[in-house]
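User: I'd like to learn how to read aromatic rings in a protein model. Could you take me through one?

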Amino acid sequence: MGCGTSSSMKDRKSENALKAALIIQNWYRGYSARLKARHRYALTIFQSIEYADEQGQLQLSNFFSFMLENYTHVREKDRELVTRLFGSSIQDNKDRQDYLGLIDVPDSYSGPRLQFPLTFTDIDLLIEAFKQQQILHAYYVLEVLFETKKVLQQMPNFTHTKTSPSKEITICGDLHGKLDDLFFIFYKNGLPSVSNPYVFNGDFVDRGKNSMEILMILFVSFLVYPNDLHLNRGNHEDFMMNMRYGFTKEILHKYKLHGKKILQILEDVYTWLPIGTIIDNEVLVIHGGISESTDLNLLYRIERNKMKSVLMPPIPLDGDHVREKKNKVGTTITAQGIRTDGSISEQLTKHEWEQVVDILWSDPRGKRGCYPNTSRGGGCYFGPDITSKILNKYQLKMLIRSHECKPEGYEICHDGKVITVFSASNYYEEGSNRGAYIRMSSGTTPRFFQYQITKATCLRPLYQRVNAIESSAIRMLKERMISRKTDLIRAFQLQDCNKTGKLSMGQWAFSMENILGLNLPWRSLSSHLVTTDKNGNIDYMSTFQDLHIQKPVKEVQSSLIETVYRYRSDLQIIFNIIDSDHSGLISMEEFRSMWKLFKSHYSVHIDDSQFDELAERMDLNKDGSIDFNEFLKAFYVVHKFDKLSKSDTKLA
């Protein structure tokens, strides 16, 4: 009897323990699912804003064509401007000595000294120097760029490479200036060599702070192993993209004396980078993707160096007849391109240009067909049927591409025929995503290697990492919202027929998407963005309660401040293009003229007198010139909670 009672109690205890374990397990699963959902929403915000920015960047191409027709100042500087935007590269007419002749490497320089012709030792030397945060002298940077250009000019648009079971190839995606990721890849996978070939699939630069170091390591490695290290052009190997996304600024900061020379030759080197790599005549490696009209035979033949920038499309012509007309710059537009000072500089045809844009900018999607890439504003979305069609047409088996940040560093789609690989870990924020690279050889399945670089000795708990990523994403989204405050309020008020100051969740979400166009789950994000009453109605003015744009001049209308803040990146690129000597200064006259053109093209309804007053106030020393970078820096968003945290710090 006693034994039976004891056994029954043990059974009940075991049953209770099992129930408790199941309850804990279910709770943890729900907890993990909620964290993953928050992480996913944060990544969606980052990506939506990133693509919207790229869309704005691509729209600048229309503005530059508009500017060419309407820019009114007829001076020598303007002819240089037109040549830079639409003409052929000027570096072909300049000798290497024009760049290097007057540059000395002083005895006091303690950084790496490269010996030409380069060897494996120079790769090692460079990597060790960069690990110590040393800067490669401008003389060596220019030498590397000239040598790289010379070798690239001998290469076809698509490089071919072969593997074997004993010789795998490694494929890396976007690095975006994240040097620690490159160091990690080389540490785990080995340095490039004849027996350890690599493909780097574009977007080496921008966003991260060490784009120059990555570029130098890759170019030096390429010069040592030109047949075993393959460099594909990405959409960020583009001087206009660099102006917005940071590489131009990095170069001018690190090379204050010779930065302009580096930028000039780099602009030319980009155009000679191959479009893609073909492995074992089976695997096509390109940066972005394909379209239903992708013609590899045409892409093999085009003169790729004519593609200066995706923002510089061929000048549109009416019909097939040659059309000539004088614009206000004194430049003749012909079917051959731009003619300045009697010389003809050819462009790609519109069809050729579109082919390259598709290769650099397109993204795969699950939906069948081929349709415009509305998120980025360039290239297309291509479905599994398009992948099969193009691969079959050219007897290929697989497409490997990059261009998109993936949470796990890679993604397989289209029945295994398309692989995306992205090698920049922590792309948006620390903990936001893993990086990955691929190893493969003929007849084998690709193998994926994932990693996530962290400076911390101990990885933070998942909830802390998700909190940090989510906070950063919401912060970025709120800055987007405040830049459209006037438009959003107008949209809210149109929905608020009874003038209550409140909207239903559906009305608020509709207004947000209608104005911002970010395709975000606004209902799910509402708890982070607005105040909701007990009936579920939203106080729509609470959308802006935590932040405002700092006004450099208090008397200026908010609508002008919002407009300048919203378009500050576009304006900075435009002013940088005009500022050909990189002085950071443009005249008040140029400043006003460009604003009027910009306002006209973008249909900005702001009174000129308001902008004139703002410009006058920003000319601090009254010399008739404006430091436009400082001007644009004066417009920034103040977050209420930043002030609170600073106050807390001071009190502590």
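Analyst: Let's go through the overall picture, then ring pairs, then charges over rings. This is a predicted model, where local features need pLDDT of at least 70, side-chain atom pairs count only at pLDDT 80 or more, and totals for chains, interfaces and linings use all residues. Residues are numbered from 1 along each chain as its sequence is written, and side-chain values use heavy atoms, with hydrogens and water left out.

User: How many helices and strands are there in the protein?

Analyst: Helices (H or I, at least four residues) and strands (E, at least two) are DSSP runs, numbered from the N terminus. Here you get 23 helices and 25 strands. Of the 652 residues, 53% are buried; buried means under 20% relative accessible area, exposed over 50%, and partly exposed in between, using a 1.4 Å probe and protein chains only.

User: How is a pair of aromatic rings described?

Analyst: By the distance of the centres and the angle of the planes. Rings of Phe, Tyr and Trp (its six-membered ring) pair if their centres lie within 6.5 Å; planes under 30 degrees apart count as stacked, over 60 as edge-to-face, and the rest as tilted. This structure has 25 aromatic pairs. One of them joins F186 and F200, edge-to-face at 6.3 Å centre to centre with 85° between the planes. That pair links distant parts of the chain, 14 residues apart: F186 belongs to helix α6 (residues 179–189) and F200 to strand β3 (residues 198–200).

User: Why does F186 count as buried, and what about F200?

Analyst: F186 counts as buried because its relative accessibility is 7%. F200 is buried too, with a relative accessible area of 0%.

User: What kind of pair do Y410 and F448 form?

Analyst: Their ring centres are 4.0 Å apart and the planes sit at 5°, so this pair is stacked. Again distant parts of the chain are linked, with Y410 in strand β15 (residues 410–413) and F448 in strand β18 (residues 447–451), 38 residues apart. Y410 is partly exposed because its relative accessibility is 25%, and F448, at 23%, is also partly exposed.

User: Which residues do ring pairs link into a cluster?

Analyst: F46, F422, Y427 and Y428.

User: And where does a charge sit over a ring?

Analyst: The test is that NZ of Lys or CZ of Arg is within 6 Å of the ring centre and within 35 degrees of the ring normal. The charged end of K367 sits over the Y371 ring, 4.6 Å from its centre. R568 lies over the face of Y565, 3.8 Å from the ring centre.
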